[in-house]
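Hi,

Here is the structure I promised to pass on. Have a look at it first, and then read my notes below.

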Amino acid sequence: MGDTNIRTEIQELLEGGLETEIYPRADTSEDVNKIVNRLQKSGASLIEKLAIAGFTLNTIEHGGIEQPCETCMYYLVHRKYCELPELDVPVEPEWSCRLWRI
Amino acid sequence: MANLLWLQGGACSGNTMSFLNAEEPSACDLVTDFGINILWHPSLGMELGDNLQKLLKSCISGETPLDIFVFEGTVVQAPDGTGEWNRFAGRAMKDWVTELCDAAQYVVAIGDCATYGGIPATAPNPSESTGMQFLKREHGGFLGTDFASKAGLPVINIPGCPCHPDWVTQILVAVASGRGGEIGLDEFQRPKTFFSSFTQTGCTRNMHFAYKVSATEFGQRKGCLFYDLGCRGPMTHSPCNRILWNRQSSKTRAGMPCLGCTEPEFPFFDLEPGTLFKTQTVMGVPKDLPTGVDKTGYVKLTGAAKAAAPAWAEEDIFVV
Ligand code: SF4
Ligand code: SF4
Ligand code: SF4
């Protein structure tokens with residue numbers, strides 16, 4: 001499936017009410033490790049990835065800083081893609097997840 | 001002719017191994033071209049037992065002039081300050097160190113253990129290890145803050161785990177050729193010529209640092225290792241990307257993060273699992289920012305740089 005189709009699928013899942021763990025955000029490196037470990041164990045189904053990472057279609061602001069994919073270290077600007085190995089999905093710049101890091 | 005004596009305390013011999021691989025100049029060049037007479041070295045010295053004791057005592061008495069005393073490894077003080085855990089030539093090594101430092105024209109500490117305590121001095125520090133004139137960032141160490149060798153210099157610190165062989169041989173040549181007084185030292189007594197710039201200076205991944213393109217795995221041929229893999233290149237003083245290792249490469253060029261081994265705090269994070277090769281963050285922002293950059297500036301700069309990143313920066317471009 002091409003990137004565009006997966007992006008559309010993610011959008012439809014989230015608009016359709018898929019519940020994701022938006023909070024608590026990963027404030028510390030330990031929090032990040034816990035979430036990443038869960039992703040590694042989850043066996044990479046798309047729905048589990050979205051739920052565990054706390055995907056949203058809008059940007060979340062946390063601690064006074066906006067956390068969009070667009071400024072995240074794992075985001076490839078030109079491909080509009082999340083390169084975090086445990087996620088590895090196409091995204092949109094204004095989306096957000098709790099593994100955001102700058 | 002300058003007499004050099006090299007001893008090892010709480011050490012893994014890594015700095016000796018490194019030193020023996022020196023190229024510009026080599027360990028042999030020190031002897032043949034630069035007039036350094038190696039009185040004794042743990043891997044090269046011929047004397048054993050009584051003969052070695054005799055040699056050490058003759059250095060202490062001044063009968064054999066001791067121009068350069070090189071120490072590798074920590075000064076071990078356990079148990080209870082006696083130093084008996086590290087006996088050498090019939091007594092605690094720390095006692096030899098005290099007397100040899102008093103006799104030497106120059107004292108040179110080699111590697112992170114001898115300079116700042118390194119891994120052995122990390123809590124809980126069972127060997128009561130310390131560096132020669134520092135314990136981590138704290139000035140003093142084994143010899144005390146006021147120590148100066150006969151030539152009037154404090155301990156010359158050449159840190160690294162191990163240090164690059166050419167940093168050692170070049171400093172030894174400077175000292176042996178009477179230019180020891182010209183070696184400018186920084187606040188941690190490192191020669192400025194090597195330790196004013198950063199590991200990042202000359203790194204082939206600098207473009208990726210600038211455009212905020214991250215490497216996500218070791219050895220990747222694109223991407224900077226700062227954002228995800230814990231590279232300490234932007235806050236570590238070392239010439240690792242100016243004076244290449246084996247004259248070929250460096251950690252960061254090969255896709256391995258800098259661990260900051262030339263800084264007094266090395267190894268960082270008390271060696272807790274999951275901390276070494278992972279950029280530590282607080283609310284998504286790196287805990288340790290590049291030297292001189294504040295959090296607000298970092299967030300603004302990163303957003304702008306990321307938005308401006310050209311497509312090639314995201315491609316595989318052979319930076320190794
Ligand atoms: S890790 Fe970053 S790029 Fe990936 S989905 Fe989360 S916020 Fe977006
Ligand atoms: S890999 Fe390390 S040294 Fe190289 S540019 Fe990135 S942060 Fe700097
Ligand atoms: S790259 Fe960093 S860790 Fe490696 S030798 Fe240089 S200063 Fe030490």
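**Where the chains meet, and the spaces inside**

Between chain A and chain B there are 2 salt bridges. One to look up is the pair A:Glu83 and B:Lys222, whose side chains come together at 3.0 Å, N to O. Keep in mind that this is a predicted model.

Polar contacts also cross the interface of chain A and chain B: 15 residue pairs, both partners at pLDDT 80 or more. On the side of chain A that touches chain B, helix H2 (29-42) and strand E3 (75-76) are the elements that give two or more residues. H2(A) gives the most, with 3 residues. Sorted by class, that side of chain A has 12 nonpolar, 8 polar and 5 charged residues.

As for the extent of the interface, 25 residues of chain A are in contact with 27 of chain B. The buried area is about 2,200 Å², with 55% of that from carbon and sulfur atoms. A:Met73, A:Arg101 and A:Ile102 supply 31% of what chain A buries against chain B, more than any other three residues.

Now the cavities: there are 3 of 30 Å³ or more. The largest holds about 140 Å³ and has 17 lining residues, with B:Gly230, B:Arg232, B:Phe269, B:Lys278 and B:Asp288 nearest its centre. Its lining is made up of 10 nonpolar, 3 polar and 4 charged residues.

The second largest cavity comes to about 120 Å³. Of its 15 lining residues, A:Cys69, A:Cys72, A:Cys82, A:Leu87 and A:Cys97 lie nearest the centre. Here the lining has 13 nonpolar and 2 polar residues, and no charged ones.

Cheers

Key: Residues are numbered from 1 along each chain as its sequence is written. Chains are lettered from A and ligands numbered from 1 in the order in which they are written. This is a predicted model: local features need pLDDT of at least 70, side-chain atom pairs count only at pLDDT 80 or more; totals for chains, interfaces and linings use all residues. Side-chain values use heavy atoms; hydrogens and water are left out. On a 1 Å grid over the protein atoms alone, a cavity is a set of points where a 1.4 Å probe fits but cannot get out, and a pocket is an open set with protein on both sides within 12 Å along at least five of seven lines; lining residues have an atom within 4 Å of a point. Grid points are joined across faces, edges and corners, and a volume is the space filled by probe spheres set on the points. Ala, Val, Leu, Ile, Met, Phe, Trp, Tyr, Cys and Pro count as nonpolar, Asp, Glu, Lys and Arg as charged, and the others, Gly among them, as polar. Contact means heavy atoms within 4.5 Å. Buried area is the accessible area (1.4 Å probe) that two parts lose on being put together, summed over both. A salt bridge is a side-chain nitrogen of Lys or Arg within 4 Å of a carboxyl oxygen of Asp or Glu. A polar contact is a pair of N or O atoms within 3.5 Å; within protein, one must be able to donate a hydrogen and the other to accept it, and residues adjacent in sequence count only if both atoms are side-chain atoms. Helices (H or I, at least four residues) and strands (E, at least two) are DSSP runs, numbered from the N terminus.
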